[in-house]
Amino acid sequence: MIDVLIIGAGPIGLTCGIEAAKAGLSYVIIDKGCLVNSLYNYPANMTFFSTSDKLEIGGIPFVSVNVKPTRAEALEYYRRAALHYRLNIKLFEPVIQVAGSHGNFTVITGKTEYRASNVIVATGFYDIPVKLNIPGEDLTKVSHYYKDPHYYAMQKVAVIGAGNSAVDAALETYRKSAEVTMIIKGSEIDPRVKYWVRPDIVNRIKEGSIKAYFNSSVTDIRENEIDIESPDGNITIVNDFVLAMTGYRPNFSFLKEIGINCSVDDRKLPSHDPLTMETNVRGIYMAGVVCGGMDTHTYFIENSREHALRIARHIADHSIKQ
């Protein structure tokens, strides 16, 4: 029996482990993928919006050679942080079931099972893309993840979306000689796009280097072309690849399976006490971006680190009372 089982070995899951250890709680961190799996799957050349100090965990300085750290620097930093604290982490071990109640949870994974008094869900949202739900979305030419621009060199690439991921994909593939077309639901590039990148994409669209259809949506994807519904009518363009940068969502099915209630509106906010981060299921807590439901822009590493401290304090205080 351990005090805390933490699901998710991202930056916030690691922070939960650090704070649990500081509070004298026994713990284990479990992840279905590699260490900081979501960050590993970010685009290879990605630069964070936040400065390095806002990505720090456990009081360990994050030193970067850049004003904004890169993905590679973040992977190295969080690996070193995990090693520094000698965190008890089990990787490539998916959680299959969480059963029981406060003080006696049984967590079954793909490798073994654990008994824990409390469970923390710090699973993020990057594993499940928001689907287009249109014909052809399941073709191999369609991807909801973007990794590296070279693969798309000299190809006709359609980028769906107007956020940071879409803009990065459009600019990088364009600079590797791809013929890029952006399809954007709204009337402009998302104002939340990184401030040093947004002028670049706006100017590339203005000069015609990147074609953009605003107030538009893709309605059909075929092997060699796509259909676009635009204010000027339906348009068909020749296409080799589609990068559907439509965002991601938490694993609501998993939350439901373990008993966590979510709001019935479009936001799907998971039920939790913001002071303690405990959900409607006693002994199950939430930390990080998963707390925001579909509002995936609500929480970041920098404003989620406090979740770990609140949870550790609440569990430690309750343990003392017991």
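V36 lies in the loop between strand 2 and helix 2, where helices (H or I, at least four residues) and strands (E, at least two) are DSSP runs numbered from the N terminus. The phi of V36 is near 40 degrees, a positive value in a residue other than glycine. V36 is buried, with a relative accessible area of 2%; buried means under 20% relative accessible area, exposed over 50%, and partly exposed in between, for a 1.4 Å probe and protein chains only. The structure is a predicted model, in which local features need pLDDT of at least 70 and side-chain atom pairs count only at pLDDT 80 or more, while totals for chains, interfaces and linings use all residues. Residues are numbered from 1 along each chain as its sequence is written, and side-chain values use heavy atoms, with hydrogens and water left out.

**Backbone angles**

Most residues other than glycine have a negative phi, and most peptide bonds are trans. R86 also has a positive phi, of about 50 degrees, although R86 is not a glycine. This arginine is found in the loop between helix 3 (71-84) and strand 3 (89-90). R86 is exposed, with a relative accessible area of 76%, whereas V36 is buried.

**Salt bridges**

Side chains of opposite charge can pair when their charged atoms come close. A search of the whole structure finds 14 salt bridges, a salt bridge being a side-chain nitrogen of Lys or Arg within 4 Å of a carboxyl oxygen of Asp or Glu. The table gives three of these pairs.

| Pair | Closest N and O atoms |
|---|---|
| K32 and D127 | 3.4 Å |
| D220 and R222 | 3.1 Å |
| R222 and E225 | 3.0 Å |

K32 forms a salt bridge with D127. This pair links distant parts of the chain, 95 residues apart: K32 is in the loop between strand 2 (27-30) and helix 2 (37-40), and D127 is in the loop between strand 6 (113-121) and strand 7 (128-129). D127 is partly exposed, with a relative accessible area of 35%.

R222 pairs with D220 and also with E225. R222 counts as partly exposed at 26% relative accessibility, and E225 is partly exposed with a relative accessible area of 28%. Elsewhere, salt bridges that share partners join R175, D200, R204 and E207 into one network.

**Helix packing and a surface patch**

Two packed helices are described by the angle between their axes and the distance between the axes. Helix 4 (residues 164-174) and helix 5 pack at an angle of about 60 degrees, with their axes 10 Å apart. Axes here are lines fitted to C-alpha atoms, for helices over the stretch in contact, and angles run from 0 to 180 degrees between N-to-C directions. Helix 4 and helix 5 are therefore oblique to each other, given that angles under 35 degrees count as roughly parallel, over 145 as roughly antiparallel, 65 to 115 as roughly perpendicular and the rest as oblique. The crossing of these two helices is left-handed, a term used if the near helix is turned anticlockwise from the far one by less than a right angle, with right-handed used if clockwise.

A166 is found in helix 4 and is buried, with a relative accessible area of 0%. The C-alpha atoms of A166 and G233, which are 67 residues apart along the chain, are separated by 23 Å.

Y195 is found in the loop between strand 10 (179-183) and helix 5 (198-207). At 55% relative accessibility, Y195 counts as exposed. Together with F49 and W196, Y195 makes a nonpolar surface patch of about 350 Å². Patches are made of residues with over 30% relative accessible area and no salt bridge, like charges being joined within 9 Å and nonpolar side chains (Val, Leu, Ile, Met, Phe, Trp, Tyr) within 5 Å. Accessible areas come from the Shrake-Rupley method with a 1.4 Å probe, and for residues only the protein chains shown count as cover.

**Distances along the chain and in space**

F252 has its place in helix 6 (residues 252-257) and is buried, with a relative accessible area of 11%. The C-alpha atoms of F252 and P270 are separated by 8.8 Å, and the two residues are 18 residues apart along the chain.

Y40 lies in helix 2 and is partly exposed, with a relative accessible area of 42%. Between the C-alpha atoms of Y40 and G10 the separation is 9.9 Å, for residues 30 apart along the chain.

D295 is in the loop between strand 17 (284-286) and helix 7 (301-321), and counts as partly exposed at 23% relative accessibility. D295 and K111 are 184 residues apart in sequence and 33 Å apart in space, C-alpha to C-alpha.
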